[in-house]
Amino acid sequence: MTAQIINGKEIAQAVRQEIREEVEQLKQKGLVPGLAVILVGDNQASQTYVRNKEKACADLGMHSVLIKKPATLSQEELIENINELNQDDSIHGILVQLPLPSHINEEAIIEAISPEKDVDGFHPINIGRMMTGQRAFLPCTPYGVMVMLKHINYDLEGKHVVVVGRSNIVGKPMGQLLLNANATVTYCHSKTKDLTYFTKQADVIVAAVGRRNTITSEHIKEGAVVIDVGINRNEEGKLCGDVDYEDVLSKASYVTPVPGGVGPMTITMLMQNTIESAQRAYNVRQSALKC
Ligand SMILES: Nc1nc(=O)c2c([nH]1)NC[C@@H]1CN(c3ccc(C(=O)N[C@@H](CCC(=O)O)C(=O)O)cc3)C=[N+]21
Ligand SMILES: [Mg+2]
């Protein structure tokens with residue numbers, strides 16, 4: 001079998017076209033969707049991602065503000081900045097780029113963001129809503145993976161999905177979204193004994209561990225769908241995922257590349273969440289006018 005490539009860039013473009021039209025409609029009604037990104041310190045990778053987010057906003061005609069702060073910023077000052085954005089009617093989404101410097105408590109920062117503007121879907125209220133199947137902002141990376149599977153018309157019902165990795169922002173919510181879609185979900189992680197035993201049984205593998213070559217052809221069964229969420233660099237400094245891409249190509253049915261796979265989807269779902277938030281703000285404003 002030769003795997004088909006799931007082209008994240010292409011799917012992202014298609015979704016962005018729909019977002020572009022919704023932005024246009026909102027603008028005609030007098031509301032410009034706005035995203036605020038806070039970047040603390042000068043982590044090189046973070047700067048790249050933040051630039052990609054700004055580009056995406058500009059491309060879609062959305063308003064974006066980038067707030068750059070020195071790594072010495074105190075937690076109190078950061079919370080003060082978030083409070084201002086929570087009150088700002090021109091801002092519908094707030095994203096604080098992670099990781100933060102070690103003197104800042106990430107949980108406290110995430111909880112300071114209004115759940116109504118938490119377009120990352122990291123706030124405990126949104127996570128709780130997602131777990132109970134209520135309307136919520138979905139974390140962008142797992143959300144993007146769901147859209148990719150939808151795009152290839154993959155029916156998750158009853159399928160065995162193995163999620164490798166259990167971070168709060170990718171692995172854990174990924175499993176939950178798959179469960180909500182009626183998949184049978186297994187979580188594997190760094191303490192799992194005999195990873196291959198589990199991954200060999202998977203119809204779908206989502207690799208989100210942050211270590212390259214974690215998944216090779218030895219780990220998968222013939223015809224598996226392999227989703228690579230990893231972003232690592234090899235010895236030559238080239239971007240690569242958690243999957244040995246070339247190796248699994250001859251065994252998998254579908255594979256996502258890195259770059260050009262999940263990454264572009266992550267940014268696109270951030271834009272999607274931001275216009276949904278703007279849409280909601282518009283509806284609230286309209287119903288207030290009617291009273
Ligand atoms: N509050 C917060 N929310 C995040 O969503 C968040 C974060 N913090 N911190 C860092 C991670 C990482 N992340 C990526 C987004 C896009 C690409 C992306 O566009 N990747 C491109 C290539 C980018 C490149 O060339 O380096 C691709 O895979 O094709 C990658 C990684 C969002 N994150
Ligand atoms: Mg992410």
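View 1. Val161 stands opposite Val185, a residue of strand β6. The two strands concerned, β5 (residues 160-164) and β6, pair in the parallel sense over five bridges. Strands here are DSSP runs of E with at least two residues, helices are runs of H or I with at least four residues, and both are numbered from the N terminus. Two strands count as paired if DSSP finds at least two bridges between them. This is a predicted model, in which local features need pLDDT of at least 70 and side-chain atom pairs count only at pLDDT 80 or more, while totals for chains, interfaces and linings use all residues. Residues are numbered from 1 along each chain as its sequence is written, and chains are lettered from A and ligands numbered from 1 in the order in which they are written.

**View 2. The six-stranded open sheet.** The strand order is β1-β11-β8-β7-β5-β6, and the pairing is parallel. At the edges stand β1 (4-5) and β6 (184-188), each of which pairs on one side only. Strands of a sheet pair through backbone hydrogen bonds, in either the parallel or the antiparallel sense.

View 3. Strand β2 (residues 34-40) is joined to β3 in the parallel sense over seven bridges, and Ile38 stands opposite Ile67 in β3.

**View 4. The shell around ligand 1.** Which of the 18 residues around ligand 1 come nearest? They are Tyr49, Leu98, Pro259, Gly263 and Thr266. A residue is near a molecule if its C-beta atom, placed from the backbone, lies within 6 Å of it. Helix α10 (262-290), α2 (44-60) and β4 (93-96) each supply at least two residues of the shell, and α10 gives the most, with four residues. By class, the shell has 11 nonpolar, six polar and one charged residues. Nonpolar here means Ala, Val, Leu, Ile, Met, Phe, Trp, Tyr, Cys and Pro; charged means Asp, Glu, Lys and Arg; the others, Gly among them, are polar. Domain 1 (30-114) and domain 2 (140-262) each provide at least three residues of the shell. These bounds come from an automatic or database domain assignment, and the centres of the two domains, taken over C-alpha atoms, are separated by 28 Å.

View 5. Most residues other than glycine have a negative phi, and most peptide bonds are trans. A cis peptide bond, with omega about 0°, joins Leu98 and Pro99; Pro99 lies in the loop between β4 and α4 (106-112). Another cis bond, also with omega about 0°, joins Val258 and Pro259, and Pro259 is found in the loop between β11 (254-255) and α10. Asn153, in the loop between α6 (140-151) and β5, has a positive phi, near 60°.
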